[in-house]
Amino acid sequence: MKPSNKGDRRKPALRVLARRRRRTAFAAFGASAALRLKAIFLEHVPVPKRALVAGYWPIGSEIDPRPLLRSLKRRGARIALPAVIGQDRPLVFRPFALERAAHSYQEPMGRALNV
């Protein structure tokens, strides 16, 4: 029996819906969304010193986690961001130090972290 590709066909529509929801959420909070994320996270999630925290660099309408990531880094957490190492290859996570990548976005540099 062949696996179903039903989810693959719905993926583009789900992405459009997710973008629309993010725009609506950001309209309610405006530029303060990133700061609200930081405040709520720091209030409710205890992060021990030297903890390894994976984040992401925002693209398009994604909420910006950078204020939170910087705050966690100042508090002693180790921050890692995903890096694409090749098509059809799993992401690797690298330390939060950025360089310009081939497709004019920024990605973490350095060796992959063992997680």
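In the predicted model described here, A18 has its place in helix 1, where helices (H or I, at least four residues) and strands (E, at least two) are DSSP runs numbered from the N terminus. Residues are numbered from 1 along each chain as its sequence is written, and side-chain values rest on heavy atoms, with hydrogens and water left out. As the model is predicted, local features need pLDDT of at least 70 and side-chain atom pairs count only at pLDDT 80 or more, whereas totals for chains, interfaces and linings use all residues.

A18 has a relative accessibility of 30% and counts as partly exposed, a class lying between buried (under 20% relative accessible area) and exposed (over 50%), as computed with a 1.4 Å probe on protein chains only. Although A18 and E62 are 44 residues apart along the chain, their C-alpha atoms are separated by 9.7 Å. R22, which is also found in helix 1, is partly exposed with a relative accessible area of 28%, and its C-alpha atom is separated by 6.9 Å from that of E62, 40 residues apart along the chain. When residues up to four places away in sequence are not counted, R22 touches S61 and E62, a contact being heavy atoms within 4.5 Å.

R22 and E62 are among the residues that line the second largest pocket, together with A25, F26, F29, A33, R36, L37, I40, Y56 and I63. Helix 1 (6-29) and helix 2 (33-44) are the elements that give two or more residues to this lining. A pocket is here an open set of points on a 1 Å grid over the protein atoms alone, where a 1.4 Å probe fits, with protein on both sides within 12 Å along at least five of seven lines, and lining residues have an atom within 4 Å of a point. The space in the second largest pocket is about 150 Å³, the volume being that filled by probe spheres set on the points. Its lining divides into eight nonpolar, no polar and three charged residues.

The structure holds one salt bridge, defined as a side-chain nitrogen of Lys or Arg within 4 Å of a carboxyl oxygen of Asp or Glu. This salt bridge joins R66 to D64, with the closest N and O atoms 2.8 Å apart, and R66 is partly exposed at a relative accessible area of 21%.

Over the chain, three helices and five strands are present, in the order α-α-β-α-β-β-β-β from the N terminus on. Of the 115 residues, 20% count as buried.

Terms used
Ala, Val, Leu, Ile, Met, Phe, Trp, Tyr, Cys and Pro count as nonpolar, Asp, Glu, Lys and Arg as charged, and the others, Gly among them, as polar.
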